[in-house]
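Please look at the sequence and the model first.

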Amino acid sequence: MITHEHGAIFIHVQKTGGSSISAALGKSFAEPDKHWTALEVRRACDPIIWASYYKFAFVRNPWARLVSWYAMIDQHRPAYEQGGTFNRFQTAVLSRTRTFSDFLRTMDEVFEDQDGVKSIYRNQIEYLTDVDGNLLVDYVGRTERLAADFTEIARHFKQPPGALQVLNTSEHK
């Protein structure tokens, strides 16, 4: 996500606090390029903007990320069973799984939809590096330190961001 107002580019890895960060930057978390990799953004971006904007992302403990991802989708099961419409990945999860163990065992393919490529086995570093493994962002924050790391990142913005809110959480054990 490119935010010209802040002079920043945010690479939004799924389930790492990205909805909260997007809101603080004044962006909708329904952006069409929401889960693009840094390499995809760099290829689509004006080279001057890519070179001059502050680029950042957040990562999360991989296990906690998967638990959260499954719980977020599973909480929509009642709507799915009532005929609700979901993206390809969510539909596959809801039709193939009933438990987190099912999720880990059966969701081994790659899905592409309007907001990016999804795979539970995709390493988060793949969102942040080029084909040679070079890091493309200036800062990698940790979801476990979201507020403190976002404060550090915001020091590099042209304008201060809005308040960081807790958004898009899911209940899980």
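The text below treats aromatic contacts, charges over rings and a surface patch.

The model is predicted. It holds 10 aromatic pairs. In one of them, the ring centres of phenylalanine 10 and phenylalanine 56 are 5.1 Å apart and the planes meet at 25°, so this pair is stacked. Because phenylalanine 10 belongs to strand 2 (residues 8-11) and phenylalanine 56 to strand 3 (residues 54-59), the pair ties together parts that are 46 residues apart in sequence. Phenylalanine 10 is buried, at 0% relative accessible area, and phenylalanine 56 is likewise buried, at 0%.

Another aromatic pair, tyrosine 70 with phenylalanine 103, is tilted, with 5.2 Å from centre to centre and 45° between the planes. Tyrosine 70 is part of helix 4 (residues 62-74) and phenylalanine 103 is part of helix 7 (residues 100-106), so parts 33 residues apart in sequence are tied together. Both residues are buried. Ring pairs also join Phe10, Phe56, Phe150 and Phe157 into a cluster.

| Charged residue | Ring | Distance to ring centre |
|---|---|---|
| Lysine 55 | Tryptophan 50 | 5.0 Å |
| Arginine 122 | Tyrosine 127 | 4.5 Å |

Leucine 135 lies in the loop between strand 5 (116-118) and strand 6 (139-142). Leucine 135 counts as partly exposed because its relative accessibility is 49%.

Methods. Residues are numbered from 1 along each chain as its sequence is written. This is a predicted model: local features need pLDDT of at least 70, side-chain atom pairs count only at pLDDT 80 or more; totals for chains, interfaces and linings use all residues. Side-chain values use heavy atoms; hydrogens and water are left out. Helices (H or I, at least four residues) and strands (E, at least two) are DSSP runs, numbered from the N terminus. Buried means under 20% relative accessible area, exposed over 50%, partly exposed in between (1.4 Å probe, protein chains only). Rings of Phe, Tyr and Trp (its six-membered ring) pair if their centres lie within 6.5 Å; planes under 30 degrees apart count as stacked, over 60 as edge-to-face and the rest as tilted. A charge sits over a ring if NZ of Lys or CZ of Arg is within 6 Å of the ring centre and within 35 degrees of the ring normal.
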